[in-house]
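This briefing covers a predicted model.

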Amino acid sequence: MKSRFKSFAPYGVIWVVLLFLPPVIPRFYTYILTAIFVTALLAMSLNMVVGHGGMFQFHHAAFYGVGAYTFSLILTKTSLPFWVGFAAGPVVAAIVGLLIGWFCVRLTRLYFGMLQISLGSLIWAIAFRWYSLTGGDDGIHGVPVPDVISSSISVYYFILILLTICLMIMYAVLRSPFGMTLQAIRDNPERCEAVGINVRRHQLLGIVIATFFAGVAGVLFVVLEQSVFPDLLFWVLSLEIFIMCLLGGWFTFAGPIMGAAIMVSLRTFVGIYTEYWTLILGIILILLIFFLPEGVWGYVLEKFGSRPYGRVERKDVDASGGERI
Amino acid sequence: MLPDLSALGSQFLVGLSRAMILFIVTSGLSFVLGVLRVPNVAHGSLYMIGAFSAFSISKLLGGGAMGFWLALILSPFVVALVSLASERLLFCHLYQREHLMLLLFTFALMLILGDLVKLTWGAEYRSIMAPDFFEGSVSIFGLSIPRYNLFLLILGPLVAIALWLFTNKTKIGKIARAAAVDREMVGAVGINVSWVFAFAFVLGCFLGGLGGALVAPTVSITLGMDHDIIIEAFLIVTIGGLGNMWGAMVGSLIFGLTQSFGVLFWPQFAIVFPYTAVVIVLLWRPRGMLKSVW
Amino acid sequence: MWMLQVENVYKSFGDFKAVNGANLSVNKADLVAVIGPNGAGKTTLFNLITGQLKPDRGSVIFNDENITALPAYQICRKGIGRSFQIANIFPRLTVFRNVQVSVLSQQRKSWKLFYPADKLAGEETESILKNVGLSDKARHIAGSLAYGDQRALEIAIALGNEPELLILDEPTAGMSAEETAATMALIKRLAHSRGLTILFCEHDMEVVFNVAQSIMVLHQGLTIMQGKPDDVRNSNQVQECYLGGAEPC
């Protein structure tokens, strides 16, 4: 118990610092931090199925976008109250996750990813073209957010609190028997079948949970920006979130948060000096792949942490001529 | 509001020619996927470089018919050079790593190449004109089809046959096919697997560049081309069967035809037609319609 | 009544007939071995029993129940545990977690979402680890263990399911003489203390003839005979198969 407290201490300190920041920093930084919170939640939700579940969730952004659009549409096209839209976003995202996931878990790895890209792209294509409903390329603007959370400081605290709650839930899930089983499935699904685990059902539940939180992130995005665009559903965003998890360290718990923080900060600040942000991102990604495959946080933990990380062997080409994709 | 039969027929031929370009591009992606077992996310970028190179070469040579043909021939080689550089300098060091890492590398490559194109050619869109020879339409079975599309309709199957002959009748082609199925065995008989991969990668990208050069006269050459084409190419190889060239043909036909019919019947949602077709195919045959190479 | 009955199973992969008429009977509390040259189909046969593969023809009956068409995880739930020829563990998890996952599955607790796993299944997991001699390595990452320890972990994971029948695929593959003796002693001890029925396949004839109470001889996917060690040793058929040609006997 004591060591658990010790490992939480740095997070606690950061959290307290975050609590006291808004009054003392310029509004722009408050906005950036809030954007980081939303992105961090999205990245964490992806990592649940990728880093901890081992699934090739290639189009996670689809669920993020579905949550965001559901929320926006309810608030702009109906007269339902805020909290209904707020609850509906993640729920609809999770339902879509369940539907798409149901088809994807029947497939292995690369096929899983490709099917998801197809289904997700279909959603994007519909949103992109259905001008009358979704505003097409322009998206939806002016989503009415309650006054109490419309200032940059109040929305900062609102999202920070929600992020904290979501993270706590995710942490509990990952350390539960279900979370352990999911990680075992990641490591060796065949073995799991042989010890009596219904792999597909567990994966499906993991997907539903992850897409639920992606939906929450989508709703929070709209709360922050008061608008939504088809870009949220685009596959490039999905790959960017993937990179965030890799950047932070996808076998750690908090890695994706760090990845999100680095990505958003870099994009904002590099973007001030140059319009070639994607070039820089590509170079960073290559450096990561070559030198830091465990991610920044993973590397830190390995060097300074108390957990017995151990070196996991690089995947070698197996005797049959290659991995089963 | 049903369009009349001749419009249908013409649109069918247009869709077919569009499918041929898709085929040329995706055959390259499929080939790389088959041999290296990695979907090359940067394939779209190389397609885009092919289009931009065609523009530059043609402009350099004065823009006439000669310029066009030389651009068509040279652009794929420019692309091949770019891909060779990427492969030998960076990619080849990752062959022992997990496939996910290779995929992420190709994504990084896409990001870098995309901005390099922006650096080189700027953000405005370009265009290139097909030579006068291609002006106007031709009548086939009473249906009208633009001359350039007819050219594509002939070229597509030629490329398919050439590729088939190459992979089945030449020594290098057969080695590449063998490496797709069992790379350890190929290595064990003394062949340098790394060079086989390099070759496959460059050939695949060459085809992508060729597709880009071919499509150049028919579209605006813009910076978003890589994003647009790669998702289509991915979907096509998935429904066709990973690594399967004839699968790429089948997938391209489905995609190209549904798209052109979509334009005819429901222009606003034309793009939804091919995507829906893909979804239907995948729900029916999740591993693609034809057998994947592994 | 037999605990496990494999009746006339066939399995082909294209033209290759991996299992071509195999029969096997296992009594409760037996120690049964399957022997046969390389490629005889032993692993395929095991895969057919535990559900990784479905037989083209024939049936598998366990405790009077036909388990032939069931998926692997359901067969495991019926009481059959399995260890694999190549160490098939969870490399990124600790040794403790490797076994704990199995135990949690057995206790049907793998769906619990909001309870910390650390508080569950601790005793059972510790006890299994003690049985196979891995207690001191409980906090090690499984992927970093030596090969011999990984094989022990293999068995430990299978034990987590409290199986009635434990199927071991070449448990002493790649081991030195001492490691082999230790592993076989472990297996016999487990069989005794946990009342397990054991079915295994092996290349090491010394191991087989010392330990097994019933031996099934498999040749090119076909069962030649099954009987007591002496009967098998003295059988002309078996001798011809092993020493003679590639003809099915």
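**Overall build of chain A**

Chain A of this predicted model contains 14 helices and 2 strands. Its radius of gyration is 20 Å, close to the 20 Å that the globule rule gives for 325 residues, so chain A is as compact as a globular protein of that length.

- The C-alpha trace of chain A spans about 60 × 45 × 40 Å along its principal axes.
- Of the 325 residues in chain A, 53% are buried.
- Among the contacts in chain A with a separation of 6 or more, 77% are between residues 24 or more positions apart.

**Contact between chains A and B**

- Chain B puts 41 residues into this contact, and chain A puts in 37 residues.
- On the side of chain B that touches chain A, at least two residues each come from helix H4 (99-121), helix H7 (183-188), helix H9 (225-240) and helix H11 (272-284) of chain B.
- H4(B) gives the most to that side, with 12 residues.
- By class, the side of chain B that touches chain A is made up of 26 nonpolar, 7 polar and 8 charged residues.

**Contact between chains A and C**

- Here 27 residues come from chain A and 37 residues from chain C.
- The elements of chain A that give two or more residues to the side touching chain C are helix H7 (152-174), helix H8 (177-187) and helix H9 (189-194).
- H8(A) supplies the largest share of that side, 7 residues.
- Sorted by class, the side of chain A that touches chain C holds 12 nonpolar, 8 polar and 7 charged residues.

**Strand S3 of chain C**

- Strand S3 (residues 31-35) of chain C is largely enclosed by the rest of the structure, because 5 of its 5 residues are buried.
- Both faces of S3(C) are covered. On one side the buried residues are C:Leu31, C:Ala33 and C:Ile35, and on the other they are C:Val32 and C:Val34.
- S3(C) runs parallel to strand S8 (residues 197-201) of chain C and is joined to it by 4 bridges. C:Leu31 has C:Ile198 as its bridge partner in S8(C).
- S3(C) also runs parallel to strand S9 (residues 214-219) of chain C, again with 4 bridges between the two. In S9(C), C:Ile215 is the bridge partner of C:Ala33.

Conventions. Residues numbered from 1 in each chain as written. Chains lettered and ligands numbered in written order. Predicted model: local features only at pLDDT ≥ 70, side-chain atom pairs only at ≥ 80, totals over all residues. Contact = placed C-beta atoms within 7 Å. Nonpolar A, V, L, I, M, F, W, Y, C, P; charged D, E, K, R; others polar. Buried ≥ 20, exposed ≤ 12 C-beta atoms within 10 Å, placed from the backbone. Pairing = 2+ DSSP bridges. Rg over C-alpha atoms; globule rule 2.2 N^0.38 Å.
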